[in-house]
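Subject: Structure handover

Hello,

Here is the structure I promised to pass on. My notes follow below it.

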Amino acid sequence: MIKDILVHIPTERPMRPVIDGSVSLAASLGAHLDAVSVGYVATSTAYVMEGGAAVAAVFEMERERAVERAEAALAVFESEAKNAGISYACRAIGAIPADAATSIGATARLYDLTVVLQPEVGQSSFDNDLPREIMFQSGGPVLFLPHIFRGAFKARRIGICWDGSRTAARALRDAAPFLAQAETIVTVTVNEADSVPAEVSSDNLAKHLARLGLSTSVVGLTAARSEIQPTILSLAADEGLDLLVMGGYGHSRLQESFLGGVTRAMLEAMTVPTLMSH
């Protein structure tokens, strides 16, 4: 059951996809929706300058301007939330990027689901990094909406990207509320004979879902490693899928680590809303 949702509203990138998606999702579920937005204070302002009341005053002025940017973004969200008649609240933050990531990542741990905007290739902004940080730090499911997303969110046709891994299993469990309401479920495997242990084969997954009252068709695909992500998205288009469910691989950028290949490729070229769990 999803009754408490968090959404990150960008200040440096388009906000309409996450506003439309999160508000419509909360309305359809009868869920409460909290919106958080961050106005970023430059790291140089916060740390490079040293000492004195004058420096403290400069930093506070920058923080206040950052909060104003966040409040401006939230005003757009609030208008849509009021029109939809949902239960909601807003929180504006002014902070340096590392502190913002830590704060929102921790906040997301108390929610059933967090909604964020897909990172965009070639964009150098803190809003571009924060969605990935939330996935790694929240400990729960994160719904990535493509930056091309428009209109109301729906999840009538769902694809489960299944490789038998721990993260895929976590995503499957986190997606249970969506799966229970789905009209069609498609289990997608890629190179299953080589990569999926027999104990967690797609056939065994189908039997497990059947015990839960869920019917799934299984589509087995073959692809070179570099072609896994486009192969999945091609199938999603052919099947008219509304939502993909998959594990999120990798480690925090703040720890100077990296994303797994398929996760990175999906976030870079996402065309379908995707629920990821780490």
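Of the 278 residues in the chain, 51% are buried. Please keep in mind that this is a predicted model. The secondary structure comes to eleven helices and ten strands. Take the contacts in the chain with a separation of 6 or more: 81% of them join residues 24 or more positions apart.

The cores

The largest nonpolar core has 44 residues. Which residues have the most contacts inside it? They are Ile9, Phe77, Val115, Leu143, Phe153, Phe178 and Leu243. Helix 1, residues 16–29, gives this core its largest share, five residues. As background, nonpolar side chains tend to be buried together in soluble globular proteins.

Phe178 deserves a look of its own. Beyond its neighbours within four places in sequence, Phe178 is in contact with Ile2, Leu25, Leu113, Phe153, Ala155, Ile158, Leu243 and Leu275. Two of these partners, Phe153 and Leu243, are also on the list of residues with the most contacts inside the largest core.

Helix 10 and helix 11

Helix 10 covers residues 228–239 and helix 11 covers residues 261–268. They pack at an angle of about 50°, and their axes are 8 Å apart. The crossing is right-handed.

On the helix 10 side, the contact is made by Ile228, Gln229, Ile232 and Leu233. On the helix 11 side, Val262, Ala265 and Met266 meet them. By class, the residues of this contact are six nonpolar, one polar and no charged.

Ile232 has a relative accessible area of 5%, so it is buried. Not counting residues up to four places away in sequence, Ile232 touches Cys161, Val190, Leu244 and Met266. Leu244 is twelve residues from Ile232 along the chain, and their C-alpha atoms are separated by 9.3 Å.

Is Pro230 buried or partly exposed? Its relative accessibility is 32%, so Pro230 counts as partly exposed. From Pro230 to Ala265 is 35 residues in sequence, but 8.4 Å in space, C-alpha to C-alpha.

Helix 4 and helix 5

Helix 4, residues 97–107, packs on helix 5 at an angle of about 40°. Their axes are 9 Å apart. Helix 4 and helix 5 are therefore oblique to each other. This crossing is right-handed.

Helix 4 brings Pro97, Ala100, Ala101, Thr102, Ile104 and Gly105 to the contact. Helix 5 brings Phe126, Leu130, Glu133, Ile134, Gln137 and Ser138. How do these residues divide by class? There are seven nonpolar, four polar and one charged.

Gln118

Gln118 sits in the loop between strand 4 (113–117) and helix 5 (126–138). Is Gln118 buried or exposed? Buried: its relative accessibility is 1%. Leaving aside neighbours within four places in sequence, Gln118 is in contact with Arg13, Phe144, Leu145, Pro146, His147, Leu267, Glu268, Ala269 and Met270. Gln118 and Pro273 are 155 residues apart along the chain, with their C-alpha atoms separated by 8.9 Å.

Asp174

Asp174 lies in helix 6, residues 166–174. At 18% relative accessibility, Asp174 counts as buried, because the cut-off is under 20%. Not counting residues up to four places away in sequence, Asp174 touches Gly140, Pro141, Leu275 and Ser277. Leu275 is also in contact with Phe178.

Asn191

Last item: a backbone angle. Asn191 lies in the loop between strand 7 (184–190) and helix 8 (192–195). The phi of Asn191 is near 55°, a positive value in a residue other than glycine. In general, most residues other than glycine have a negative phi.

Best wishes

How values were computed. Residues are numbered from 1 along each chain as its sequence is written. This is a predicted model: local features need pLDDT of at least 70, side-chain atom pairs count only at pLDDT 80 or more; totals for chains, interfaces and linings use all residues. Side-chain values use heavy atoms; hydrogens and water are left out. A nonpolar core is a set of buried Ala, Val, Leu, Ile, Met, Phe, Trp, Tyr and Cys residues joined through side-chain atoms within 4.5 Å. Buried means under 20% relative accessible area, exposed over 50%, partly exposed in between (1.4 Å probe, protein chains only). Helices (H or I, at least four residues) and strands (E, at least two) are DSSP runs, numbered from the N terminus. Contact means heavy atoms within 4.5 Å. Axes are lines fitted to C-alpha atoms, for helices over the stretch in contact, and angles run from 0 to 180 degrees between N-to-C directions. A crossing is left-handed if the near helix is turned anticlockwise from the far one by less than a right angle, and right-handed if clockwise. Ala, Val, Leu, Ile, Met, Phe, Trp, Tyr, Cys and Pro count as nonpolar, Asp, Glu, Lys and Arg as charged, and the others, Gly among them, as polar. Angles under 35 degrees count as roughly parallel, over 145 as roughly antiparallel, 65 to 115 as roughly perpendicular and the rest as oblique.
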